[in-house]
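Subject: Structure handover

Hello,

Here is the structure for you to take over. My notes on it follow below.

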Amino acid sequence: MVERIEEIEVEAQAAVEAADSAAELEEVRVRYLGRKAELTGMLRGIADLPPEQRGPVGSTGNKVRKGLEGLIEAKVEALRNAELEQSLAGDRIDVTLPGSPARAVGHLHPITRTRRLIEDVMIGLGYQVMEGPEVEHDYYNFTALNHPEGHPARMLQDTFYVDTDEHVEQVLLRTHTSPMQVRAMESAPPPLFMIVPGKTYRRDSDATHSPMFHQVEGLAVGEGITLADLKGTLLAMLREIFGPDREIRMRPHFFPFTEPSVEFDVSCFRCGGSGSLEDGSRCGLCKGIGWIELGGAGMVDPNVFGFVADSGYDPDSVTGFAFGFGIERIAMLQHNVGDLRLFFDNDLRMLEQFS
Ligand code: FA5
């Protein structure tokens, strides 16, 4: 009987070796170790054997059963690993391949491109580019910019206030980039030459005004800076953007934080400043005026220097100019876009024209 057990062992080992799926292996296990298997029957019948056979049959039978169990377990593990390897090899993804279908690479938003152009021009003129908070304190947005209490720009109809229980009307979405004039002067002594591009917010909405828009602030402070320097700087900047033949003009205006204050215009680049087109018709871009309004500017009001006197801005020894204009307005003129809201509708038919 011991010999038969050894034969079964050899047979079973070969069957385990030959099985190449979990199902086949289970079938082998049932055949050689299951309840109705020959070996199981022999072990169950040990008690009926003559006493001298019981020991050898029992020990050989148990040894073979254990050996086969171990062998099957190892084979189950091996099959599982092989299956895993196979499925990993089949599912392998090459993340460097182009998507399917391949997608065109995106491009910069036209407003971003115009902003970068302005930054490049101003860096070329020796200005540094700064950033400031869009959520701003009333102090920087109005008070330190010489807006007296009760100024219309402080009214709820004009400004988005961030409503906090304790400080209602003290925190707001900045209505212009000018608050950074004060912050920049607080952070560094003169001479200072900086621009601040960024988002600004007002309660406006029509074809040329949106609730969120972008401005660029410019500030130059040092000894002996004059309104002529302002004009030269604006001219240099606008010629880079709109072409070398452009002229500018400044008209008297009012801003609380500059004195004197001006609005500045660039000569119309469609009609060359004449107001009429070659066929004699009125130029639609400048509406026959020959000039296109761009933004506000002026000499920094001494009262504003008063708020930053501790940082070295003594109105008796330094002067400066500041200017501010809308980036959308520049981009609309550059690309002949009639409605500012088109920049923010996210309509790809519009945006893909700028790729
Ligand atoms: C100002 O905001 C001043 N801070 C500019 C300034 C800076 C003056 C430094 C003096 C010294 P104003 O409110 O005019 O000025 O706005 C400037 C430009 O921002 C406008 O000419 C216009 O092009 C743009 N702008 C204003 N409101 C909107 C709006 N709702 N949507 C789009 N562009 C706007």
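**Pockets**

The lining of the second largest pocket is made up of eight nonpolar, four polar and seven charged residues. In this count Ala, Val, Leu, Ile, Met, Phe, Trp, Tyr, Cys and Pro are nonpolar, Asp, Glu, Lys and Arg are charged, and the others, Gly among them, are polar.

Before going further, note that this is a predicted model, in which local features need pLDDT of at least 70, side-chain atom pairs count only at pLDDT 80 or more, and totals for chains, interfaces and linings use all residues. Residues are numbered from 1 along each chain as its sequence is written, and side-chain values use heavy atoms, with hydrogens and water left out.

The second largest pocket has a volume of about 380 Å³. Of the 19 residues that line this pocket, Leu285, Lys287, Ile292, Arg329 and Leu333 are the closest to its centre. S6, S8 and H10 each supply at least two residues of that lining. A pocket here is an open set of points on a 1 Å grid over the protein atoms alone, where a 1.4 Å probe fits and protein lies on both sides within 12 Å along at least five of seven lines; lining residues have an atom within 4 Å of a point. Grid points are joined across faces, edges and corners, and the volume is the space filled by probe spheres set on the points. Helices (H or I, at least four residues) and strands (E, at least two) are DSSP runs, numbered from the N terminus.

The largest pocket holds about 1000 Å³ of space. Its lining has 41 residues, and the closest to the pocket centre are Arg202, His209, Phe213, Gln215 and Phe255. By class, this lining has 14 nonpolar, 19 polar and eight charged residues. Elements that each supply at least two residues of the lining are S5, strand S6 (248-255), strand S7 (258-267), strand S8 (291-300), strand S9 (319-326) and helix H10 (327-335). The largest share, six residues, comes from S8.

**Ligand**

Which residues come nearest to the ligand? Of the 24 residues around the ligand, they are His176, Ser178, Arg202, Asp204 and Ser210. A residue counts as near if one of its heavy atoms lies within 4 Å.

- Serine 178 has a polar side-chain atom 2.8 Å from a nitrogen atom of the ligand.
- Serine 210 has a polar backbone atom 3.0 Å from a nitrogen atom of the ligand.
- Leucine 294 has a polar backbone atom 3.4 Å from an oxygen atom of the ligand.

**Sheet**

An open sheet is formed by seven strands in the order S1-S4-S5-S9-S8-S7-S6, with mixed pairing. S1 and S6 stand at the edges with a single partner strand each, so one side of each has no neighbour in the sheet. Two strands are taken to pair if DSSP finds at least two bridges between them.

Strand S1 (residues 128-129) runs parallel to S4 and is joined to S4 by two bridges. Glutamine 128 has methionine 194 as its bridge partner in S4. S4 and strand S5 (residues 212-222) are antiparallel and share 10 bridges.

The bridge partners in S7 are threonine 258 for phenylalanine 255 and glutamate 263 for arginine 251.

**Burial**

Buried or exposed: what are most residues of strand S4 (residues 192-201)? Eight of the 10 residues of S4 are buried, meaning under 20% relative accessible area, where exposed is over 50% and partly exposed is in between (1.4 Å probe, protein chains only). In S7, eight of 10 residues are buried. S5 has 10 of its 11 residues buried, so S5 is largely enclosed by the rest of the structure.

Glycine 273 is found in the loop between S7 and S8 and is partly exposed, with a relative accessible area of 30%.

Regards

Conventions
A polar contact is a pair of N or O atoms within 3.5 Å; within protein, one must be able to donate a hydrogen and the other to accept it, and residues adjacent in sequence count only if both atoms are side-chain atoms.
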